[in-house]
Amino acid sequence: MPRALWILIIGMAIYVTGASFLWPLNAIYVHEQLDKPLSVAGLVLMLNSAATMIGNLLGGFLFDRLGGFRSLMVGALLALAAVISLIFFHGWPHYPILLAVIGFGVGIVFPVANAYAGAIWPQGGRRAFNALYVAQNIGVAIGSALGGWIASYSFDSIFIANAFMYILFVFIAYFGLKHVHMEKGRKQEEGKTVATNAGNRIVWNALIILCIGYFLCWLSYVQWSTTIAAYTQELNISLKQYSFLWTVNGALIVLAQPLLSAFVHRWLRQVKRQMAVGFAIFVGSFFILLQATSFFDFIAAMVVLTIAEMLVWPAIPTVASRLAPEGKEGFYQGFVNSTATAGRMIGPVLGGFIVDTAGMKPLFVALIIFSSISFVTAFLYDRKLPKGKNEKKQTVTIV
């Protein structure tokens, strides 16, 4: 991988570590420290997600207009300013306002990082996005673990630790990526090409179809941290055991990469096939949940879910990069990221409504249906795309 991509990957691992100090504890902080009802905590998190979604779209727009480095710095500095402010002003109503600003800044950073990775190493194709995905999950695992430990001493320390990691990211990005310039050229991904032209409605429709499946899959995935988490308590599965499920998730994402890479290289060389298999495995994970009654059933479901996640999450931005007309790479990545954010925002509300009105089993059936629709979109999204023509790309020079 190019040196610039390594710098971006390391930087994003640090950035996500900092973000993960805070996000798992938001609801607890609003409810217990600020003494607000859980419904208010839910609204605060929804406001944060909405701001993140807007930031996703703006981040893609900025990438296309300002380039990768300046766009990355805009989002990172905005989030950093809000995090530093949070050290001094974390009461009510400062906390939800600053949390929304943080979400907006972070929302800018993520699609820019995806588009930047594709631009830095266009020949790498899905490998660039997969490396970024693994780095972000390492950050989630480390940040979540350390965040709980730091919060046990003082919530104020969480804000300081978060700010420190964001400062470190800004330092790495500024000195490591400042002189990475993108030049327009021809874009290829693993030797596969698709015709793309600005304003090509067929290509845009393909992205929308793909993102419908991505949205439904994220809407289903987020149930693991909301409705399914509550369901495990009803089955007398302890919080410690539930937390271990996410430890399994993080460990598999990092440790199983060599095996999965070999499998993908041997059997799933086409990204479309990788997505389809991943969505199918998602369906299988929810079938396991439909019958789950013990902790080991949930471990099995989590293992299957993680395999599906490892196949699908890096593949979607890869396809978006392939589809994007020249000058629209950032916008396409922003749209993909906002789709995922929308799924994370709407999922808990919809899942809670289904559980309250019908119960957990109907929810699992709904998740199976949603994942099945995602599977279908993987086959349909490119049916009308022109074949056999070259795609544009970007090359990167270091000056």
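Modeller: The expected span of a helix is 1.5 Å times one less than its number of residues, and helices are DSSP runs (H or I, at least four residues) numbered from the N terminus. This is a predicted model, in which local features need pLDDT of at least 70, side-chain atom pairs count only at pLDDT 80 or more, and totals for chains, interfaces and linings use all residues. Residues are numbered from 1 along each chain as its sequence is written, and side-chain values use heavy atoms, with hydrogens and water left out.

Biologist: How far apart are the end C-alpha atoms of helix α12?

Modeller: Helix α12 covers residues 271-291, which makes 21 residues. At 1.5 Å a residue they should span 30 Å, and the model agrees with this, because its end C-alpha atoms are 31 Å apart.

Biologist: Is Leu146 buried, partly exposed or exposed?

Modeller: Leu146 lies in helix α6. Buried means under 20% relative accessible area, exposed over 50%, and partly exposed in between (1.4 Å probe, protein chains only). Leu146 has 37% relative accessibility, so it counts as partly exposed.

Biologist: Which element of the protein chain has the lowest confidence?

Modeller: Confidence is given as pLDDT, the predictor's own score for each residue, from 0 to 100. The protein chain averages a pLDDT of 85, and 91% of the residues score at least 70. Confidence is highest in α15, at 95, whereas the lowest, at a mean of 40, is in strand β2 (residues 391-398; strands are DSSP runs of E, at least two residues).

Biologist: Why is caution needed where pLDDT is low?

Modeller: Where pLDDT is low, the predicted coordinates should not be read in detail.
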